[in-house]
Amino acid sequence: MPQKTIRQALNEALRQEMRRDPSIIVIGEDVAGGAGSAGQRDAYGGVLGVTKGLIGEFGEARVIDTPITESAIMGAAAGAAVTGLRPVAELMFSDFFGVCFDQIFNQAAKFRYMFGGKARTPLVIRTMVGAGRSAAAQHSQSPYHVFTSVPGLKCVVPSNAYDAKGLLIQAIRDDDPVVFCEHKLMYDLRAEVPDEPYTIPFGEANIVRDGDDVTVVALARMVHYAMTAAEELEKDGIEIELIDPRTTSPLDEDTILESVERTGRLVIVDEATPRCSIATDIAALVADKAFDALKAPIRRVTAPHTPVPFAPDLEKLYIPSPEKIAAAVRDVHGYGK
Amino acid sequence: MTVTPITMPKWGLTMTEGKVLGWLKREGDAVGPNDELLEIETSKITNVMEAGENGILRRVVAAQGATLPIGALLAVLAPADTPDAEIEAFVAGFVVPERDDAAGDEAEAAAPREVVAGDYRLHYLEIGAGDGPPLLFIHGFGADLNSWMFNQPALAEGRRAIALDLPGHGGSTKALTGPIDSAGFAADIDRFLDALGIERVHLVGHSMGGAIALSFAGRQSDRVASLTLIAAAELGADVNAAFIDGFVKMERRREAQEVLRLLVHDPDLVSRAMVEEVLRYKRLDGVADTLRRIAQEWFPNGIQRAGWAEIVKDLPVPRQIIWGREDRIIPVAHAEALAAKLPVHILDNAGHLPHMEKAAEVNRLIARLIAA
């Protein structure tokens with residue numbers, strides 16, 4: 001089976017879905033990177049090249065290069081969705097959600113409810129998350145927990161190219177607004193990706209690795225750090241079960257709870273800040289529903305409660321590392337022994 | 001050589017390592033070629049490895065629970081009179097052979113290929129070489145050529161062994177445009193063999209693939225050198241309709257695990273990776289529709305068309321039937337009803353996948369029929 005990067009997998013998903021359904025449009029800043037101005041029409045295909053080539057195949061009516069105005073992009077996309085199109089809108093950096101959040105949080109997420117179930121809002125918001133490029137505090141955050149907290153929004157956080165393609169196609173076919181979070185350091189990660197279109201259901205976690213000693217739940221880039229930690233821990237005979245929820249809303253609670261009921265020990269790894277986060281949410285879930293199974297305190301490995309530092313060395317310290325994950329696992333593994 | 005290494009086998013294209021689940025013999029035990037030595041878990045399914053030779057199990061090298069690459073030393077067989085020092089030296093000096101794709105083991109070098117046959121692109125894997133009629137494996141409903149991971153390499157010695165993905169399955173064209181009853185798929189096999197320039201074959205078919213093989217042999221018996229039917233469809237009316245329905249509908253890991261466990265006698269054989277592999281196929285656009293159409297054609301109202309039981313009795317082809325006694329998909333009674341007319345082998349502690357659950361035994365039976 002062909003190996004593809006996350007960037008290629010996302011591009012293929014968009015292309016195949018746009019061929020299948022003419023109501024799908026792409027809208028955002030620089031999604032073509034030059035359309036409507038003098039010079040090359042498809043200069044870049046998005047700042048990270050995910051939408052490269054789409055304007056050539058589908059034209060300017062379906063690949064809409066906008067001015068720098070997130071509120072207009074999200075407002076237009078939400079309106080287009082509720083009136084019959086299926087927009088895939090790009091919010092270049094998720095950090096910018098502040099300027100367009102009314103359109104997302106108070107409009108798109110509420111339409112179905114406010115119109116008594118008569119309105120559908122098949123909107124996908126693709127957005128970049130993640131630290132590690134020294135892009136400083138306003139371009140490095142991972143606010144997927146904010147989107148997850150909003151009833152009416154679904155939230156996807158893929159960790160590999162196979163999941164990215166199947167989850168994006170699922171998001172496009174979903175009749176509710178979906179925020180699709182892409183980690184900016186993972187676009188070149190490769191995996192086997194089928195050429196055919198396929199969907200992965202929301203709310204179905206992926207068990208990345210089987211193990212009986214400690215359950216580790218991790219998202220996006222942290223899945224790979226946890227795997228690195230797992231290889232170290234394995235040498236000492238500690239087998240972690242690694243769960244990638246893939247979607248934070250809906251969340252596959254059963255897979256996490258079943259695993260903790262078996263291992264009795266839980267570590268959650270989240271690149272986002274620790275307060276009111278996915279990590280705290282999952283910790284609360286397990287404390288609530290699997291308390292009797294726990295043999296050790298739940299440990300969270302997260303960023304500290306500070307803005308993301310610009311200085312590369314500080315940023316490196318800020319992001320959870322395989323070493324910190326391994327230390328937390330050893331901690332809960334040894335607890336009470 | 002007096003000392004025989006037992007090494008991690010390669011079962012199937014994707015296997016790179018295996019886990020030693022447990023030893024079935026102890027150091028000092030005398031073993032024969034067909035004695036079960038240990039259980040190995042691959043990413044797909046657990047299987048038993050046989051000794052392959054006569055000897056004493058002198059040294060167990062791989063501990064229970066160890067995950068080791070293909071070719072790694074698991075144990076040492078040797079006659080009783082081989083000195084301990086020689087065994088020590090052998091273990092100490094053992095080097096995992098470099099895997100050389102160009103010249104090495106043919107199963108290692110082989111990659112699946114594609115051929116256009118009629119309206120379909122058919123994906124297939126060929127290994128082995130020889131002058132006699134090739135061996136062709138035909139998988140069952142919803143499966144693919146990987147079904148034969150424990151059989152195809154073992155039966156490819158001195159012979160071309162080919163496993164294909166039926167239309168609608170595996171890596172072949174998913175959208176079905178031709179007839180999809182057993183005769184329709186048999187016509188696809190006919191076109192596949194023509195495209196490969198193959199005149200005569202030994203056919204091995206499992207479940208739905210068994211009925212397809214039988215349909216082919218019923219029409220072109222002169223092209224069939226031998227016929228092995230494993231838990232074949234269309235030899236009786238009964239089929240587990242809940243399984244078929246569940247397989248068509250399942251989308252999530254939990255339901256898929258429940259459904260797939262019906263296939264085997266020991267439910268622990270179904271690994272998470274096997275479930276994931278099936279789901280990856282099922283998630284592809286068009287597959288659910290294809291499977292629903294096949295199920296409606298083959299098992300309308302949960303009942304099989306049972307046209308082949310009479311025909312197989314008098315077929316002028318060397319043939320045999322293999323079935324798991326604990327089959328929960330198609331009852332073993334379908335095989336028992338034919339036992340007076342042709343060789344029927346019913347295997348204990350096996351369900352609907354005897355070629356995986358009792359691979360070594362099934363391989364011996366197939367090899368014997370082919371050699372006859």
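Student: What is the order of the strands in the open sheet of chain B, and how are they paired?

Tutor: This is a predicted model, in which local features need pLDDT of at least 70, side-chain atom pairs count only at pLDDT 80 or more, and totals for chains, interfaces and linings use all residues. Residues are numbered from 1 along each chain as its sequence is written, while chains are lettered from A and ligands numbered from 1 in the order in which they are written. Strands (E, at least two residues) and helices (H or I, at least four) are DSSP runs numbered from the N terminus, and two strands pair if DSSP finds at least two bridges between them. Here, four strands of chain B form an open sheet in the order β5-β4-β2-β7, with antiparallel pairing.

Student: Which strands stand at the edges of this sheet?

Tutor: The edges are β5 (46-50) and β7 (67-69) of chain B; each has a single partner strand, so one side of each lacks a neighbour in the sheet. From one strand to the next the twist averages 40 degrees; such angles run from 0 to 180 degrees between N-to-C directions, with axes fitted as lines to C-alpha atoms, for helices over the stretch in contact.

Student: How many bridges join β2 to β4 of chain B?

Tutor: Four bridges link β2 (residues 17-23) of chain B with β4 (residues 36-41) of chain B, and the two run antiparallel. Opposite Gly22(B) stands Glu39(B) in β4(B).

Student: At what angle do helices α6 and α7 of chain B pack?

Tutor: Angles under 35 degrees count as roughly parallel, over 145 as roughly antiparallel, 65 to 115 as roughly perpendicular and the rest as oblique. Helix α6 (residues 253-261) of chain B meets helix α7 (residues 272-282) of chain B at about 105 degrees, their axes being 10 Å apart, and α6(B) and α7(B) are therefore roughly perpendicular to each other. Residues are in contact if their C-beta atoms, placed from the backbone, lie within 7 Å. On α6(B) the contact involves Arg253(B), Ala256(B), Gln257(B) and Leu260(B); on α7(B) it involves Met274(B), Val275(B), Val278(B) and Leu279(B).

Student: Which residues of α6(B) are buried?

Tutor: A residue is buried if 20 or more other C-beta atoms lie within 10 Å of its own, exposed if 12 or fewer, and partly exposed in between, with C-beta atoms placed from the backbone. In α6(B), the buried residues are Arg253(B), Ala256(B), Val259(B) and Leu260(B). Seen down the helix axis, they fall within an arc of 125 degrees, so they line one face of α6(B); the arc is that of the directions from the helix axis to the C-beta atoms. They pack against α5 (241-249) and α7 of chain B.

Student: Where is Asn301(B), and is this residue buried or exposed?

Tutor: Asn301(B) is in the loop between α8 (287-298) and α9 (309-313) of chain B. Its phi is near 55 degrees, a positive value in a residue other than glycine. Asn301(B) is exposed, with 6 other C-beta atoms within 10 Å.

Student: Which residues of chain A does a cis peptide bond join?

Tutor: The bond joins Ser249(A) and Pro250(A), with omega about 0 degrees. Pro250(A) is in the loop between β12 (247-249) and α9 (253-263) of chain A.

Student: How many residues of chain A are in contact with chain B?

Tutor: Eleven residues of chain A are in contact with eight residues of chain B.

Notes
Contact = placed C-beta atoms within 7 Å.
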